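Biologist: Please take me through this model one feature at a time, giving the general idea before the particular case.

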Amino acid sequence: MKWNNILSLLLVLSLFFGCSEENKTSQTAANVPPQNDPVAPEQNQPEPQDPIDQQEITEPQMPADQQEGMLYAAIDNVPVTIQWEENDSVKALHELVKGSDITIDMSQYGGFEQVGSLGQSLPKNDVQTTTAPGDIVLYSGNQIVVFYGSNSWDYTRLGKISDKSETELKALLDKENVTMKISSKNIQSEPLSSDKKLLVAYFSVTKHTKSIAEYISEYTGATLYEIVSETPYTDADINYGDKSSRTSLEQNDPNARPAIASTIEDIEQYDIIYLGYPIWWGEAPKIMYTFLEGAQIKVSTTIIPFCTSASSGMGTSATNLKEAAPSLNWLEGRRFAIGAEKSAVTEWIDSLNL
Ligand SMILES: Cc1cc2nc3c(=O)[nH]c(=O)nc-3n(C[C@H](O)[C@H](O)[C@H](O)COP(=O)(O)O)c2cc1C
C-alpha cells in the first residue's frame, strides 16, 4: 500500500470514530446553546420560586385617618397641618387626645396671638423664645398659644402650622375668639353649606357690587339682601367731582348715618355674612355703618367683606367697618374690579375654605 493510500485510510477511520452522535451532542452542549432542543424553552422560564418569596409582603396599615403617632388640628373648623416638635410636651398632648378630641376656647391677646387653656398641665421645658406667625407653644404649662404675629417670652415649643401663609394665618386668627380642636384622628373641614346659614348683604348704587353679590349668592346658596337707602341716591348725589354733592358731604361727616329703607328679618339666624359695598373715596359708604350698628347680628357671626371700585384697593375700608362691630369675626376681605368675572368670585370663595 502506498503512503498516500495509508494516510487516506487513517483519515477516514479517525473521522468515523471521532464524530459519533454521542460525542457530537456533548461537545455542542458544552459550547453553544442548542437552538431547537425541546428542553430549551423551559430553561428560559423564570426559576420556580418559593411560594413565600412570591408573596408581596406589605406592612399592616392603620386606617389613613388614624395613623399611629399623628396629631391633627383644626382652628374654627379649618384643618391646619402642624409640624409637631419631638418632645415630652407633645408626647403628653398625644396621650391626652388618644381617648377623645380636645377643643380649646381661645381668645386674642396682644394683636399677635390666640391663647386658651388646656384644662390641665403638660410637661414643660420653657426657654426664651421669639415666635413667628404659625408657631404653637405651651405657655405656663397649661395654655396653648397660636401665633399670627411675633412675641418674645419663655415658652415650650409644640409645633408650627406649615400649610398657611402669613395672610391666611391672620385671616384665621385675627379675631376675638377662635376654637382649636386637637385630635388623633384626621379632621375634615365641614362642607360650607351643611349647617351654616349664609347671607349676602350688600349696598350698590350703579349695580357693580350688586352683580358680585348675586354671583356669591348663586354659588353659595346664601340669602340675598340689598341694603337700600331710604332716600335713593341720584346721579347728582354720587357726583364725586362736586364737593357739595350728597356723597361728598356724607363721607366727610363722621356722624352721617343715612337711613335704610327696610331692615332684614331674623338676621341673628345667619352664621356667615358676605358684606358688599362700593368704594367711595377709599372707604365704605356711611350707610354700611348704619347697617352694622343697627342690625342685631349675633356675636359669633363671621363677616366676609367684599367691595368693588374703579381702581382703589380695599384700603382701610374693612378695618374701619370692623370698628363699628368689633365683636364679630371679621375675615380678610376682597376687592373686585368693575365687571369682575364670575370665576374670580368663585375662586375667592373656594380659597376661604369655610
Ligand atoms: C362717590 C363715589 C366715590 C368713589 N370713589 C372711588 C375711589 O375712591 N376709588 C375708586 O377706585 N373708585 C371710586 N368710585 C368708583 C366706585 O367705587 C365703583 O364705580 C363701584 O364699582 C361702584 O359700585 P356700585 O356700582 O355697586 O355702586 C367712586 C364712586 C362714587 C360714586
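Biologist: Which residues is I75 in contact with, leaving aside its neighbours within four places in sequence?

Modeller: Two residues are in contact if their C-beta atoms, placed from the backbone, lie within 7 Å. By that criterion, and with neighbours up to four places away set aside, the contacts of I75 are V80, V146, L172, L173, V178 and M180. Before going further, note that this is a predicted model, in which local features need pLDDT of at least 70 and side-chain atom pairs count only at pLDDT 80 or more, whereas totals for chains, interfaces and linings use all residues. Residues are numbered from 1 along each chain as its sequence is written.

Biologist: Where is the place of I75, and why does I75 count as buried?

Modeller: Helices (H or I, at least four residues) and strands (E, at least two) are DSSP runs, numbered from the N terminus, and I75 belongs to strand β1, residues 72–75. A residue is buried if 20 or more other C-beta atoms lie within 10 Å of its own, exposed if 12 or fewer, and partly exposed in between, with C-beta atoms placed from the backbone. I75 counts as buried because it has 20 C-beta neighbours inside 10 Å. The C-alpha atoms of I75 and I104 are 9.5 Å apart, although 29 residues separate them along the chain.

Biologist: What does M180 touch, not counting residues up to four places away in sequence?

Modeller: The contacts of M180 are A73, I75, I104, M106, G116, I144 and V146. M180 sits in strand β10, and it counts as buried because 20 C-beta neighbours lie inside 10 Å. M180 and V80 are 100 residues apart in sequence, yet their C-alpha atoms are 9.9 Å apart in space.

Biologist: Which residues of helix α6 are buried, and what covers them?

Modeller: In α6, residues 166–173, the buried ones are E168, L169, A171, L172 and L173. Their cover includes β1, β2 (78–80), β5 (113–117), β8, β9 (152–161) and β10 (177–183).

Biologist: How should I read strand β13, and how many of its residues are buried?

Modeller: β13, residues 272–278, is mostly covered, with seven of its seven residues buried. I272, Y274, G276 and P278 point one way, while I273, L275 and Y277 point the other way, and all are buried. Two strands pair if DSSP finds at least two bridges between them. Five bridges join β13 to β11 (residues 198–202) in a parallel arrangement, with V200 opposite Y274. Seven bridges join β13 to β14 (residues 302–309), also running parallel, and there I303 is the bridge partner of I273.

Biologist: What do β13, helix α9 and β14 make?

Modeller: A crossover is right-handed if, with the strands pointing away from the viewer, the path from the first strand over the helix to the second runs clockwise. β13, α9 (residues 286–294) and β14 form a right-handed β-α-β unit.

Biologist: How many residues surround the ligand, and which are closest?

Modeller: A residue is near a molecule if its C-beta atom, placed from the backbone, lies within 6 Å of it. The ligand is surrounded by 21 residues, the closest being S204, T206, H208, T209 and P278. The elements giving two or more residues to this shell are α7 (208–220) and β14, and α7 gives the most, with three. Ala, Val, Leu, Ile, Met, Phe, Trp, Tyr, Cys and Pro count as nonpolar, Asp, Glu, Lys and Arg as charged, and the others, Gly among them, as polar; the shell then divides into nine nonpolar, ten polar and two charged residues.

Biologist: What is phi of W281 near?

Modeller: Most residues other than glycine have a negative phi. Phi of W281 is near 45°, a positive value, and W281 lies in the loop between β13 and α9. W281 counts as partly exposed because it has 13 C-beta neighbours inside 10 Å.

Biologist: Over which residues is the pLDDT below 50?

Modeller: pLDDT is the predictor's confidence in each residue, from 0 to 100. The protein chain averages 83, and 79% of the residues score at least 70. Over residues 11–67 the pLDDT is below 50, and this stretch has twelve contacts in the model beyond near neighbours in sequence. Where pLDDT is low, the predicted coordinates should not be read in detail.
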